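Here is a short report on one protein chain. Please keep the sequence and the 3D view at hand while reading.

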Amino acid sequence: MPKKVDHEARRQEISEALWRIAGSRGLDGTSLRDVAAEAGISLGRLQHYFRTRDEMLLFALQHINRLAADRIRERIASLAEEPTPRQVLRACLSGMLPLDERSRIGLLVGAAYYARAVHDEALRAEAKNGIPPLRTFFADQLRLAADRGELPPERATEDEAMLLISMTEGLATYVLLGVHDPEDALRLLDLHLENLFGAERAAGGGAVRAVGCGAEETAHGGADRAAEVGGGRGAEAPASSGRSAP
């Protein structure tokens with residue numbers, strides 16, 4: 001009886017080979033043949049799972065994003081039973097930073113993908129898809145913080161949410177370039193949140209509501225929503241890859 005092949009597992013193994021290459025020498029000029037050699041399989045075998053380099057890179061990015069979403073859920077789940085909007089935002093934003101080797105490689109893969117997306121309409125559409133829902137989720141958390149008296153109402157806007165995303169992605173880029181180390185990037189993120197929220201004030205109890213999601217939900221339920229819309233902006237990979245996801 002023929003051995004049953006887990007196609008998804010094989011595709012993930014190929015992605016991990018791609019991540020190892022990204023971590024050691026980057027992705028510029030990396031071919032399907034290079035990845036096949038790293039994965040220990042023939043080029044023909046690799047092309048059974050990925051017909052083109054872009055298809056392989058897109059799958060690798062999506063797989064990283066799923067792992068990043070899981071990481072963000074775990075971070076928020078480790079917070080207090082009813083985390084504040086500020087805590088939810090920090091967990092999400094810190095998940096977008098390359099704070100270890102695994103998340104660094106994930107961001108390198110993402111950077112390679114986005115560089116190609118600039119000149120490819122289909123890839124560009126995919127790259128842009130995650131930004132509006134992430135901005136909306138962050139804005140919802142800012143509005144909730146304002147409702148709880150933790151944030152000036154005039155700061156609870158989608159523009160402010162976009163500034164949070166842009167600042168964090170800028171910090172992530174600077175870590176990759178060696179302008180900041182991960183600790184400095186996290187310190188600057190915390191400094192910005194302190195400037196935005198001011199001294200943390202005691203807030204009333206109750207569930208954190210992700211405004212605009214269509215229903216009341218606990219903060220940990222909102223964490224799932226955050227992971228769904230924001231996981232794609234981080235990066236992470238399994239330990240076996242030599243680089244991990246966020």
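## A surface patch

Val-179 sits in the loop that runs between helix H9 (158-177) and helix H10 (182-197). This is a predicted model. The relative accessible area of Val-179 is 52%. The cut-off for exposed is over 50%, so Val-179 counts as exposed.

Val-179 also belongs to a nonpolar surface patch.

## Overall make-up

The protein chain has 11 helices and zero strands. Read from the N terminus, the order of elements is α-α-α-α-α-α-α-α-α-α-α.

The chain holds 246 residues, and 41% of them are buried. The accessible surface of the chain is about 11,800 Å². Carbon and sulfur atoms account for 52% of that surface. Now take the contacts between residues at least 6 apart in sequence. Of these, 70% join residues at least 24 apart.

## Helices H1 and H4

Two numbers describe a pair of packed helices: the angle between their axes and the distance between the axes. Helix H1 spans residues 7-25, and helix H4 spans residues 53-77. They pack at an angle of about 95°, and their axes are 9 Å apart. Angles of 65 to 115 degrees count as roughly perpendicular, so H1 and H4 are roughly perpendicular to each other.

Which residues of H1 meet H4? They are Glu-8, Arg-11, Gln-12, Ile-14, Ser-15, Leu-18 and Trp-19. On the H4 side, the residues met include Met-56, Leu-57, Phe-59, Ile-64 and Leu-67. Glu-55, His-63 and Arg-66 are also among them.

Gly-40 lies in the loop between helix H2 (32-39) and helix H3 (43-49). Is Gly-40 buried or exposed? Its relative accessible area is 65%, so Gly-40 is exposed.

## Salt bridges

The whole structure contains 14 salt bridges. One of them joins Arg-104 and Glu-101, with the closest N and O atoms 2.9 Å apart. Both residues lie in helix H6 (residues 101-117). They are three residues apart, about one turn of the helix. Arg-104 is partly exposed at 23% relative accessibility. Glu-101 is partly exposed too, at 38%.

Glu-150 and Arg-148 meet through their side chains in another salt bridge, at 2.9 Å from N to O. The relative accessible area of Glu-150 is 5%. Buried means under 20%, so Glu-150 is buried.

## Linking H8 and H9

Glu-158 forms a salt bridge with Arg-135, and the closest N and O atoms are 3.2 Å apart. This pair links distant parts of the chain. Glu-158 is in helix H9, Arg-135 is in helix H8, and 23 residues separate them. Both residues are partly exposed: Glu-158 has a relative accessible area of 29%, and Arg-135 has 24%.

Pro-132 is also in helix H8, which covers residues 131-147. Its relative accessibility is 36%, so Pro-132 counts as partly exposed. How far is the C-alpha atom of Pro-132 from that of Glu-158? The separation is 9.6 Å, for residues 26 apart along the chain.

Key:
Residues are numbered from 1 along each chain as its sequence is written. This is a predicted model: local features need pLDDT of at least 70, side-chain atom pairs count only at pLDDT 80 or more; totals for chains, interfaces and linings use all residues. Side-chain values use heavy atoms; hydrogens and water are left out. Patches are made of residues with over 30% relative accessible area and no salt bridge: like charges are joined within 9 Å, nonpolar side chains (Val, Leu, Ile, Met, Phe, Trp, Tyr) within 5 Å. Accessible areas come from the Shrake-Rupley method with a 1.4 Å probe; for residues, only the protein chains shown count as cover. A salt bridge is a side-chain nitrogen of Lys or Arg within 4 Å of a carboxyl oxygen of Asp or Glu. Helices (H or I, at least four residues) and strands (E, at least two) are DSSP runs, numbered from the N terminus. Buried means under 20% relative accessible area, exposed over 50%, partly exposed in between (1.4 Å probe, protein chains only). Axes are lines fitted to C-alpha atoms, for helices over the stretch in contact, and angles run from 0 to 180 degrees between N-to-C directions. Angles under 35 degrees count as roughly parallel, over 145 as roughly antiparallel, 65 to 115 as roughly perpendicular and the rest as oblique. Contact means heavy atoms within 4.5 Å.
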